[in-house]
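Reader: Before we discuss details, could you put the model on display and then take my questions one at a time?

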Amino acid sequence: MKLNVSIVLYHAPVAELNYVLSVLLQVKDLHRLYLIDNSEGPLQLPMTDERVRYIFSGTNLGFGTGHNVAIRESIRENVPFHLVMNSDITFTAANVTEMLDYMESHEDVACMMPKVQFPTGKPQRLCKLLPTPMDLIGRRFLPEQLIRKRNARYELADISDNHIMNVPALSGCFLLCRTAALDEAGLFDERFFLYCEDLDLTRRMHRLGKTLFYPNVTIRHDFRRGSYTNPHLMWTHMRSACLYFNKYGWFHDNEREQVNEEFRVENLKFRV
């Protein structure tokens, strides 16, 4: 069983990256670790382990395009599993191994992500339904009290997060994928520079197999939410949302309605 990992960097703190490297290099099934650096200048890291491949792009390729550089290598080398992850994650090598073991023994799983918490231990709502325009755009500009109920439904806040479930939209912060499913789904859509690329990819992978939330593993994610404080990132986020709805439909999206309804029916017994 072989695993490749890719991390796209943009001015990542060296201490943060050193920690992630120290954990990943303990994963017994690690074949290659790709660091795709989109920063203006190359990092000065003493990387002596032959499994680490540092790729300085010389330009900001974006999140999905950067990961695709590494995913194509996984496809070319026929490495069966590929982990897409951020550098701001706290986890263990055993977390990765447990997810790998589960995916290897469940061939119907296309990709999966663990339970994710803030550094405080508060849960992050990163498993979602397929969004409507109100879910992605409206909630950014409308008063919270007007969209509280709708937002809770979209983020599955009314569903217990203590059971494995087949969720149509997963986060790319720590996403373990079957490489064959990535190849068949078509990798990340490189028109998305940042934001919504993971939503788009897991939606396409959901057509091929299960896209699982796996709560038996818990990790922590710094989750800086830059688009909530940086106007440029907010504009980038809204542009990606528009690209997503142009691709799948703004108000008429039959697949969205069907997939979301199937999920709700399947998980009614887990409502809280």
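Reader: In which loop is N78 found, and is N78 buried or exposed?

Author: In this predicted model, N78 is found in the loop between α2 (63-77) and β4 (81-85). Its relative accessibility is 66%, and since the cut-off for exposed is over 50%, N78 counts as exposed.

Reader: What is the phi of N78?

Author: Most residues other than glycine have a negative phi. N78 is not a glycine, and yet its phi is positive, with a value of about 60°.

Reader: Where does Y195 lie, and is Y195 buried or exposed?

Author: Y195, a residue other than glycine, also has a positive phi, which is near 80°. Y195 lies in the loop between α6 (179-185) and α7 (197-206). With a relative accessible area of 18%, where buried means under 20%, Y195 is buried.

Reader: At what angle do helix α4 and helix α5 pack, and what is the handedness of the crossing of α4 and α5?

Author: Helix α4 (residues 133-141) and helix α5 (residues 144-154) have their axes 10 Å apart and pack at an angle of about 135°. An angle over 145 degrees would count as roughly antiparallel, and α4 and α5 are therefore oblique to each other. The crossing of α4 and α5 is left-handed.

Reader: Which residues of α4 and α5 meet, and how do the residues of this contact divide into nonpolar, polar and charged?

Author: From α4, the residues M134, D135, L136 and R139 meet I147, R150, N151 and Y154 in α5. The residues of this contact divide into 4 nonpolar, 1 polar and 3 charged.

Reader: How many aromatic pairs does the count come to, and what is the geometry of the pair of Y19 and F91?

Author: The count comes to 7 aromatic pairs. For Y19 and F91, the ring centres are 6.4 Å apart and the planes stand at 85°, and planes over 60 degrees apart count as edge-to-face, so the pair is edge-to-face.

Reader: Which parts of the chain does the pair of Y19 and F91 link?

Author: Y19 counts as partly exposed at 31% relative accessibility, whereas F91 counts as buried at 4%. The pair links distant parts of the chain, 72 residues apart, with Y19 in helix α1 (residues 14-24) and F91 in the loop between β5 (89-90) and α3 (93-105).

Reader: How are the planes of Y102 and Y214 arranged?

Author: Y102 belongs to helix α3 and Y214 to strand β9 (residues 210-221), 112 residues apart, and both Y102 and Y214 are buried. Their ring centres lie 4.8 Å apart with the planes at 50°, so the pair is tilted.

Note on methods
Residues numbered from 1 in each chain as written. Predicted model: local features only at pLDDT ≥ 70, side-chain atom pairs only at ≥ 80, totals over all residues. Heavy atoms only, no water. Axes fitted to C-alpha atoms, helices over the stretch in contact; angles between N-to-C directions. Helix = DSSP H or I, 4+ residues; strand = E, 2+ residues; numbered from the N terminus. Parallel < 35°, antiparallel > 145°, perpendicular 65-115°, else oblique. Left-handed = near helix turned anticlockwise from the far one by under 90°. Contact = heavy atoms within 4.5 Å. Nonpolar A, V, L, I, M, F, W, Y, C, P; charged D, E, K, R; others polar. Phe/Tyr/Trp six-rings, centres within 6.5 Å; stacked < 30°, edge-to-face > 60°. Buried < 20%, exposed > 50% of the residue type's maximum accessible area, 1.4 Å probe, protein only.
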